[in-house]
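I have a new structure open and want to get my bearings. Here are my notes, in the order I looked things up.

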Amino acid sequence: MHWTEKLFVEDSELFRAAIEARFEKTPEEIDGLVGLFNEYDVPGEGLVLDLACGIGRISVPLAKLGYQVVGVDLSPSYIGFARDYAEREGVSDKTRFIVGDMREVETVLSEYPECFEIVINMWTSMGYWDEETDLSILRQCWSLTKPSGFFLMHTVNRDSLVRRFQARDFSIDEEGLVVLMDRTLDLETSRMVNYWSYYRKEGEDLRFLNRMEINHRVYSLHELREQFSEAGWSVVEAYGGLDQRVLTTDTFSMVLVAQKQ
């Protein structure tokens with residue numbers, strides 16, 4: 001079983017805590033996305049594809065602003081959460097959430113040929129398999145996007161990651177979930193492997209729950225430019241964050257905006 005199926009399908013509830021922790025960052029991320037949408041003239045009621053949408057953390061707020069959003073994710077659990085979230089927020093009519101593998105996104109969304117104004121891929125949600133697979137996903141998204149439409153990728157900046165690499169870290173949430181994170185970074189392959197060990201705090205003790213692997217390819221700007229170009233896109237700008245700051249080796253995030261050629 002590939003690690004994505006284990007993490008996002010078989011044991012999806014454990015990783016969901018990490019996703020939910022991002023909710024506090026959501027307002028500023030939405031502000032940044034809307035700023036970029038305006039910068040590149042994405043229509044206010046345009047159709048948006050949220051690729052690897054997770055629990056709808058980004059999709060639902062965009063729908064509340066008037067965008068029509070289609071979210072695709074591998075996890076049935078996350079898609080169920082996203083649908084419930086959209087219903088609670090009153091935007092079920094502006095969202096559609098579909099269980100699907102992004103490696104087959106063109107087939108999953110076969111009813112949407114050249115329909116999307118923009119594809120967004122947030123929080124380093126690509127690079128899970130290999131470079132050929134990433135290229136295939138970009139090509140499939142090209143086919144789903146309107147002429148002159150856009151792809152916006154929000155990912156980690158490899159050059160910054162190398163500079164500030166931290167081999168071990170931990171987190172504790174309000175409910176007593178403890179996550180110990182061990183990381184390795186292969187400089188030859190640019191693959192980062194994370195092992196997350198989950199514990200539940202019980203008094204002074206920790207009860208072991210599970211151990212998960214996250215293994216993904218991290219990219220430098222020039223590598224992504226080449227990959228997007230090969231897939232038929234033209235990278236029109238790169239930023240160090242959704243707030244359009246300048247991309248440097250100190251900016252941990254990297255945002256690419258590419259246009260369909």
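This is a predicted model: local features need pLDDT of at least 70, side-chain atom pairs count only at pLDDT 80 or more; totals for chains, interfaces and linings use all residues.

**Surface patch**

F170, I172 and L180 make a nonpolar surface patch of about 290 Å².

Next I looked up L180. L180 sits in strand β7, which covers residues 177-186. Its relative accessible area is 33%, so I note L180 as partly exposed.

**Helix α1**

Which residues of α1 are buried? I found W3, T4, L7 and F8 buried in this helix, which runs over residues 3-10. These residues span an arc of only 100° around the axis, so they are on the same side of α1.

Then I checked what the buried residues of α1 pack against. My list has α2 (12-20), α5 (76-88) and β9 (205-217).

**Positive phi values**

I went on to backbone angles.

D41 has a phi near 60°, a positive value although the residue is not glycine. I located D41 in the loop between α3 (26-39) and β1 (47-51).

T124 also isn't glycine, and its phi is positive, near 50°. I located T124 in the loop between β4 (116-121) and α7 (131-144).

Is D41 buried or exposed? D41 has 66% relative accessibility, so I put it down as exposed. The cut-off for exposed is over 50%.

Is T124 buried or exposed? T124 has 17% relative accessibility, so I put it down as buried. Buried means under 20%.

Key: Residues are numbered from 1 along each chain as its sequence is written. Side-chain values use heavy atoms; hydrogens and water are left out. Patches are made of residues with over 30% relative accessible area and no salt bridge: like charges are joined within 9 Å, nonpolar side chains (Val, Leu, Ile, Met, Phe, Trp, Tyr) within 5 Å. Accessible areas come from the Shrake-Rupley method with a 1.4 Å probe; for residues, only the protein chains shown count as cover. A salt bridge is a side-chain nitrogen of Lys or Arg within 4 Å of a carboxyl oxygen of Asp or Glu. Helices (H or I, at least four residues) and strands (E, at least two) are DSSP runs, numbered from the N terminus. Buried means under 20% relative accessible area, exposed over 50%, partly exposed in between (1.4 Å probe, protein chains only). The arc is that of the directions from the helix axis to the C-beta atoms. Contact means heavy atoms within 4.5 Å.
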